[in-house]
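Thanks for coming. I have one model to go through today, so please look at the screen while I talk.

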Amino acid sequence: PGRLEGKVAIVTGGASGIGESTVRLFVENGAVVVIADIQDDRGSTLVGELGPHIVAYRHCNVSIERDMENLVKFTLDKWGKLDIMFNNAGILGKSMTSDATNVDMDDFDHVMSVNVRGIVLGVKYASKAMVGANIKGSIICTSSVAGIQGGVASMAYVVSKHAILGIMRAACSDLGQYGIRVNCVSPSAAITPLSLSFFRQALSNPLLDKESIQGILDNNHNLVGHSLSTLDIAFASLYLASDDSKFVSGLNLVVDGGTSST
Ligand code: NAD
């Protein structure tokens, strides 16, 4: 039997990349899933493919409070409860285009609004629904190896991904009493539209060292002998979403083949 049989999940940023692979794996494991994304076309294609197990809550911008409140309402109306909230939507902004001497503050605010405010809102409305219905739910947030180490020309992204660990720890402290668990998944680079634009922006920056960027792109640094796939990351979220991790809260599950430990 699937490890998420009978569970209801929301996946933000579920129309692409890591979110999409996670939606597929959650459905394979018996969950029903609401995709929350601003890319409506890709969301509709996935719904067409996976049928009655998923619905898309369209035009859902995670940084807008009303959208997140309505997303959770929509989920409760559709499936009656919420067990799993995967706060995964995130953006890169203008990473790799300028260094600390030249941070674009409009871009900084924009990245914070999606990557930080968006996750606080996801935690807020998901936990409210879980507490109200006495659901011992699982909240998972996508941080990054950029949440535990620096990176050149990436001020906004690095700050936002560190902040997500703070959100996890604050939420974990508040919600443990209700049996709600809050954890993070922190991947290194896997090929998605987001990481490809990271590499494009990096390779076109004359100040950055092309060889080491190409090295990350080729995944030369991984220790486990293969490149990271979005499915590898989805398996980490499946563990945190399922009852297999029922005593695990406040964990930052780093999925990087060991590279940040060496
Ligand atoms: P992606 O671009 O394939 O998917 C991100 C999805 O989020 C897209 O469908 C996009 O439309 C959606 N989104 C963006 N802004 C949104 C908003 N305001 N409201 C709702 N949806 C929005 O990228 P991905 O690589 O799958 O990224 C998913 C998460 O993983 C992000 O938080 C990213 O920072 C993180 N991450 C990715 C990598 C990687 O190498 N791909 C590594 C570490 C962390």
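First, the ground rules. This is a predicted model, so to speak: local features need pLDDT of at least 70, side-chain atom pairs count only at pLDDT 80 or more, and totals for chains, interfaces and linings use all residues. Residues are numbered from 1 along each chain as its sequence is written. Helices (H or I, at least four residues) and strands (E, at least two) are DSSP runs, numbered from the N terminus.

Now the sheet. It is open, with 7 strands in the order β3-β2-β1-β4-β5-β6-β7 and parallel pairing. Two strands count as paired if DSSP finds at least two bridges between them. At the edges sit β3 (54-57) and β7 (252-255), each of which pairs on one side only. Direction ignored, neighbouring strands are turned by 20° against each other on average.

Two pairings in more detail. Strand β2, residues 32-36, runs parallel to β3 and is joined to it by 4 bridges; I35 has A56 in β3 as its bridge partner. β4 and β5 also pair in the parallel sense, over 4 bridges, and there N87 stands opposite C141 in β5.

How many residues of β5 are buried? The count is 5 of 5. Buried means 20 or more other C-beta atoms within 10 Å of the residue's own, exposed means 12 or fewer, and partly exposed is in between, with C-beta atoms placed from the backbone. Both faces of β5 are covered, with S138, I140 and T142 on one side and I139 and C141 on the other.

On to the helices. For contacts, two residues qualify if their C-beta atoms, placed from the backbone, lie within 7 Å. For angles, axes are lines fitted to C-alpha atoms, for helices over the stretch in contact, and the angle runs from 0 to 180 degrees between N-to-C directions. Helix α8 (residues 230-241) lies across β1, β4, β5, β6 and β7, at about 170° to β6. Helix α4 packs on the sheet too, touching β1, β4 and β5, and its direction makes about 175° with that of β4.

α4 (residues 105-132) also meets helix α3 (residues 65-79): their axes come within 9 Å and cross at roughly 35°. From α3 the contact uses E65, M68, E69, V72 and L76, and from α4 it uses L121, G122, Y125, A126 and A129. These divide into 7 nonpolar, 1 polar and 2 charged. In this scheme Ala, Val, Leu, Ile, Met, Phe, Trp, Tyr, Cys and Pro are nonpolar, Asp, Glu, Lys and Arg are charged, and the others, Gly among them, are polar.

Next, the ligand. Which of the 29 residues around the ligand come nearest? They are G13, S16, G17, G90 and L194. A residue is near a molecule if its C-beta atom, placed from the backbone, lies within 6 Å of it. α1 (17-28), α4 and α6 (193-203) each supply at least two residues of the shell. By class, the shell has 13 nonpolar, 15 polar and 1 charged.

M96 has phi near 75° and is found in the loop between β4 and α4. M96 counts as buried because it has 24 C-beta neighbours inside 10 Å. N134 has phi near 55° and lies in the loop between α4 and β5. N134 is exposed, since 10 other C-beta atoms lie within 10 Å.
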